[in-house]
Amino acid sequence: MRAARLMSLVLLLQGRGGMTAAELAEELEVSERTVHRDVLALSEAGVPVYADRGRGGGYRLLEGYRTRLTGLDRAEAEALFLSGVPAALREMGLEGVAATARLKAAAALSPALRDAPAVAAQRFHLDAPGWWAGDEPPPAVLAPLARAVWNDRRVSARYKGRARTLEPYGLVLKAGVWYLAARLGTRFLIFRVPRFDAVSVLDEPFDRDPAFDLAAFWTAQAAEFTRSLLREVITLRLSERGVRMLRHIADPAALDDALASLRPEGTVRLAVESVEVAFSQVLRFGAEAEVLAPPELRAMTAEAAARMSALYR
């Protein structure tokens, strides 16, 4: 523990040029007294660290000194690729590993490039959760699932009350919600992480299918899920302007089939989630669309048009 802290102290000084005892104490989450003892230990070990006296002083490394303790281990290298999503790292229990990896990467940079991480961080930020999402704590099962994913270990889990043994392949963060891609028997499935009641990581490794591509699998599953929601089909007659508006109103998953069904007279068949959802879509067309079917939707639209006409008469 202390060896890791001493290494972090050296990397901090190497990456930032100089820091006060208070700044080091805050970064390392120790007392200033501990920082002083650590600096003394480093000096006795031959690391050329010295103290600048007076106002604005602090600890520095001798000019030109560079430690060779910058090699990333596997866990740190993997976490570094996720460092653009700090909330995700924190929820998976990898924040400490990523912080060490960033320190090592920064220490390896030449002095002229030391400000590059700060410059990038002030110009680009990824906020993964969707709008109006509550600041809820991550599911308790997320950290053990993440460990199992990293280490290719099977898990024993209860999902919506059912016991299952899964081979966890990957985690996906979508609009603030975590999903697990896992193999159950011979099938790959998607599980919503908050719906796990319990997870235990087993001391049973599994062999990953080398052909499995997490990004491609998620894209295919998400598209299939979206299409499965489109259970109803409506028929519209669109004006020329209505045809142009179709791309902005139709569900993206239904657009290609709708355009393929378009006839010269402007009739089109559009897949929708429900008649109620279709009603709100049809209203967005205004007078550029006429509902031909189903009769229920035509009646709803006619009533809304009559009320609107009376309102603006």
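**Helix crossing and strand pairing in a predicted model**

Mentor: Three strands form an open antiparallel sheet in the order β10-β9-β11. The model is predicted, so local features need pLDDT of at least 70, side-chain atom pairs count only at pLDDT 80 or more, and totals for chains, interfaces and linings use all residues. Residues are numbered from 1 along each chain as its sequence is written, and side-chain values use heavy atoms, without hydrogens and water.

Trainee: What makes β10 and β11 the edge strands?

Mentor: Each of them, β10 (267–272) and β11 (289–293), pairs on one side only. Strands are DSSP runs of E with at least two residues, and helices are runs of H or I with at least four, numbered from the N terminus.

Trainee: How do you know that β9 and β10 pair?

Mentor: Two strands pair if DSSP finds at least two bridges between them. Strand β9 (residues 232–238) and β10 have six bridges, in the antiparallel sense. I234 stands opposite L270 in β10.

Trainee: Why are α10 and α12 called oblique to each other?

Mentor: Angles run from 0 to 180 degrees between N-to-C directions, and axes are lines fitted to C-alpha atoms, for helices over the stretch in contact. Under 35 degrees counts as roughly parallel, over 145 as roughly antiparallel, 65 to 115 as roughly perpendicular, and the rest as oblique. The axes of α10 (residues 240–249) and α12 (residues 275–285) come within 10 Å and cross at roughly 135°; the two helices are therefore oblique.

Trainee: Which residues make the contact?

Mentor: With contact meaning heavy atoms within 4.5 Å, G242, M245, L246, H248 and I249 of α10 meet Q281, R284 and F285 of α12.
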